[in-house]
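This briefing is for a reader who is new to the structure shown below. Please look over the sequence and the model before reading on.

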Amino acid sequence: MLTGASIIQLDAKGRLAIPSRYREALAARSGGQLVTTVSFSVGKERDDRSLWMYPRDAWKRVAKKVAALPDFDANHRVFKRFFIGYASDMEMDRSGRVLLPALLRDFAAIGKGVCLIGQSNKFELWSEEKWRARHDQWLADAIDMDKISPELEQLSL
């Protein structure tokens with residue numbers, strides 16, 4: 001289970017050191033193979049460019065669902081172009097680092113600092129600066145209980 005938040009500094013080559021608490025599980029689960037792609041934000045959060053990093057086994061399941069979307073729908077085509085088109089295979093090295101391609105770093109405006117947020121089946125990777133700004137905004141806005149989804153309403157936590 002990929003949970004928790006970490007602030008990580010990229011090295012000069014653009015490599016991200018996966019926190020040690022995840023390395024063993026990722027090595028066992030997917031041989032240290034990961035896939036990183038762009039998140040596809042919608043609605044009010046359209047400008048929230050971040051990345052999603054999946055263990056290879058989780059990526060296969062998600063990519064299969066996305067690839068099955070019909071190409072006759074223009075929104076599906078655009079989504080596939082970004083989500084699958086930007087997907088980059090990567091493998092942890094012996095030090096637990098992965099190279100984040102420049103194209104992905106540019107998309108998410110990631111400089112030196114990265115905020116890695118566990119989302120159970122994947123990680124979200126944010127520019128540290130963007131994360132801090134959005135984090136504070138999300139806390140200020142909180143959840144609008146008048147607009148809560150049926151799925152969230154039914155959760156029994």
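In which helix does V62 lie? V62 is part of helix α2. This is a predicted model, in which local features need pLDDT of at least 70, side-chain atom pairs count only at pLDDT 80 or more, and totals for chains, interfaces and linings use all residues. Residues are numbered from 1 along each chain as its sequence is written, and side-chain values use heavy atoms, with hydrogens and water left out. Helices (H or I, at least four residues) and strands (E, at least two) are DSSP runs, numbered from the N terminus.

**Helix α2**

- The expected span is 1.5 Å times one less than the number of residues in the helix.
- A58, W59, V62, A63 and V66 are the buried residues of α2. Buried means under 20% relative accessible area, exposed means over 50%, and partly exposed lies in between (1.4 Å probe, protein chains only).
- Viewed down the axis of α2, these buried residues fall within an arc of 125°, so they line one face of the helix. The arc is that of the directions from the helix axis to the C-beta atoms.
- K60, K64 and K65 are exposed on the other side of α2.
- The cover over the buried residues of α2 includes α1, β3, β4 and α3 (74–83).
- Not counting residues up to four places away in sequence, V62 touches Y54 and F83. Contact here means heavy atoms within 4.5 Å.
- V62 and T36 are 26 residues apart in sequence, and their C-alpha atoms are 12 Å apart in space.

**Nonpolar cores**

- The largest nonpolar core has 23 residues, of which L16, I18, L51, M53 and L125 touch the most other members. A nonpolar core is a set of buried Ala, Val, Leu, Ile, Met, Phe, Trp, Tyr and Cys residues joined through side-chain atoms within 4.5 Å.
- Two or more residues of this core come from each of α1 (20–30), β3 (33–38), β4 (51–55), α4 (102–107), β7 (113–118) and β8 (123–127).
- Leaving aside residues up to four places away in sequence, L125 touches L16, S50, L51, M53, L100, I110, V114, C115 and L116.
- A second, separate core has ten residues, among them W52, A58, F79 and F83.

**Rings and charges**

- There are nine aromatic pairs in the structure. Rings of Phe, Tyr and Trp (its six-membered ring) pair if their centres lie within 6.5 Å.
- W52, Y54, W59, F79 and F83 are linked into a cluster by ring pairs.
- The charged end of K122 sits over the ring of W52, 5.0 Å from its centre. For such a placement, NZ of Lys or CZ of Arg must be within 6 Å of the ring centre and within 35 degrees of the ring normal.
- The charged end of R49 sits over the ring of F107, at 4.5 Å from the ring centre.

**Two strand residues**

- T36 is placed in strand β3, and its relative accessibility of 0% counts as buried.
- Apart from neighbours within four places in sequence, T36 is in contact with L51, W52, M53, Y86, A87, S88, M90, L100 and L104.
- L99 is placed in strand β6 (residues 97–99) and is partly exposed, with a relative accessible area of 47%.
- Apart from neighbours within four places in sequence, L99 is in contact with K13, G14, R15 and M90.

**Helix α5**

- Helix α5 covers residues 128–141; its 14 residues should span 20 Å at 1.5 Å a residue, which agrees with the 20 Å between its end C-alpha atoms.
- E128, W131 and R134 are the buried residues of α5. They fall within an arc of 130° seen down the axis of α5, so they line one face of the helix.
- These buried residues of α5 pack against β1 (5–9), β7 and β8.
- E129, A133 and A140 are exposed on the other side of α5.

**Backbone at two loops**

- Most residues other than glycine have a negative phi.
- A109 has a positive phi of about 55° although it is not a glycine; A109 is found in the loop between α4 and β7.
- S120, also not a glycine, has a positive phi of about 75° and lies in the loop between β7 and β8.

Key. Phe/Tyr/Trp six-rings, centres within 6.5 Å; stacked < 30°, edge-to-face > 60°.
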